[in-house]
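Thanks for coming. I have one structure today, and I will go from the whole chain down to one residue. Please look at it first.

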Amino acid sequence: MTIRQWLETARQRLNGRQDEPALSARLLTAHHLNKDRAWIIAHNHDPLPADLIPALEADLDRLVRGVPLPYVLGAWEFYGLSFQVNESVLIPRPETELLVETALNWVKQHPGPLRAADVGTGSGCIAAALARHAPQMHITAVDISLQALRVAKQNFIQLNVAGQVSALQSDLLSSLSGPFDLLCANLPYIPSAKLPHLDVTTHEPSLALDGGPDGLVLVQELLLQARSRMADRFLILLEVEADHGQAAPELACQIFPQANTTMLRDLAGLPRLVSIKFE
Ligand SMILES: C[S@@+](CC[C@H](N)C(=O)[O-])C[C@H]1O[C@@H](n2cnc3c(N)ncnc32)[C@H](O)[C@@H]1O
């Protein structure tokens with residue numbers, strides 16, 4: 001069987017099971033061949049090595065059952081970096097790159113050593129991306145889930161930022177005293193009642209998704225804790241659900257009335273990022 005014939009079979013089996021069947025088939029095959037996608041396209045008339053077929057078939061079965069591609073590959077890209085992922089952590093989303101980009105713009109305007117916290121670090125994607133681009137910053141990455149922290153620590157080592165990032169278990173900021181110049185969080189924000197109706201809950205950890213009755217329980221608690229843990233001038237960035245485009249900044253204004261709170265929109269034009277700045 002050629003690579004092309006295998007890709008066609010895989011694509012057909014993935015139809016209706018994965019969002020982009022052809023792309024998923026190609027990425028899975030590239031992963032097993034240890035090549036990139038361009039190589040696969042250029043060599044699609046080559047024979048598929050027979051010894052790879054059993055493992056490819058097993059992973060294809062997982063994709064057909066609806067397991068997200070990043071979990072099958074065990075890795076996913078975020079902010080140009082490759083992160084290990086498994087079912088203990090949320091798959092890093094492109095929307096979250098807005099948070100990293102906004103934080104790094106602020107960092108550029110504040111040269112010198114900075115102390116940051118990434119609350120609910122999951123795979124560690126926010127903390128690692130910040131560390132790679134802001135070598136003067138020390139980041140404390142916390143998560144309540146020990147399984148998630150295990151993945152995050154692996155990523156910090158693999159991405160050579162372990163010396164710059166401290167990873168520890170904490171319920172929000174309760175184990176930390178600060179002060180922090182920068183606080184970033186992409187906390188669970190889906191209202192509990194919505195969860196049973198969403199596909200995302202089948203494979204991704206509910207601890208990473210469940211934001212309580214109104215989806216803002218953790219955000220509110222974090223902001224209350226942050227009041228006594230921020231430096232003299234600071235930036236807080238919180239990713240929220242677009243439905244919270246009004247409620248989340250209102251909450252921020254109540255808790256930090258002296259700060260400048262704005263709502264930033266993602267590439268789809270949806271209000272997704274609360275920015276609370278005090279200079
Ligand atoms: C939406 S995921 C975000 C993961 C990662 N920061 C990202 O952007 O991909 C939320 C994370 O918050 C963690 N979490 C949930 N409740 C928490 C709490 N009370 N304190 C600290 N972390 C919490 C979850 O375990 C999960 O890893």
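**Overall size**

With 279 residues, a compact globule would have a radius of gyration near 19 Å, and the protein chain has 21 Å, which agrees. That radius is taken over C-alpha atoms, and the globule rule is 2.2 Å times the number of residues to the power 0.38. Along the principal axes, the C-alpha atoms fill a box of roughly 65 × 40 × 35 Å.

This is a predicted model, where local features need pLDDT of at least 70, side-chain atom pairs count only at pLDDT 80 or more, and totals for chains, interfaces and linings use all residues. Residues are numbered from 1 along each chain as its sequence is written, and side-chain values use heavy atoms, with hydrogens and water left out.

Next, secondary structure. The protein chain has 10 helices and nine strands. These are DSSP runs, numbered from the N terminus: helices are H or I with at least four residues, strands are E with at least two.

How much of the chain is buried? Buried residues make up 49% of the 279, where buried means under 20% relative accessible area, with a 1.4 Å probe and protein chains only.

Now one residue. Leucine 235 sits in strand β7, residues 230-239. Leucine 235 counts as buried because its relative accessibility is 1%. Leaving aside neighbours within four places in sequence, the contacts of leucine 235 (heavy atoms within 4.5 Å) include Ala103, Trp106, Leu183 and Ile276.

Terms used: Buried means under 20% relative accessible area, exposed over 50%, partly exposed in between (1.4 Å probe, protein chains only).
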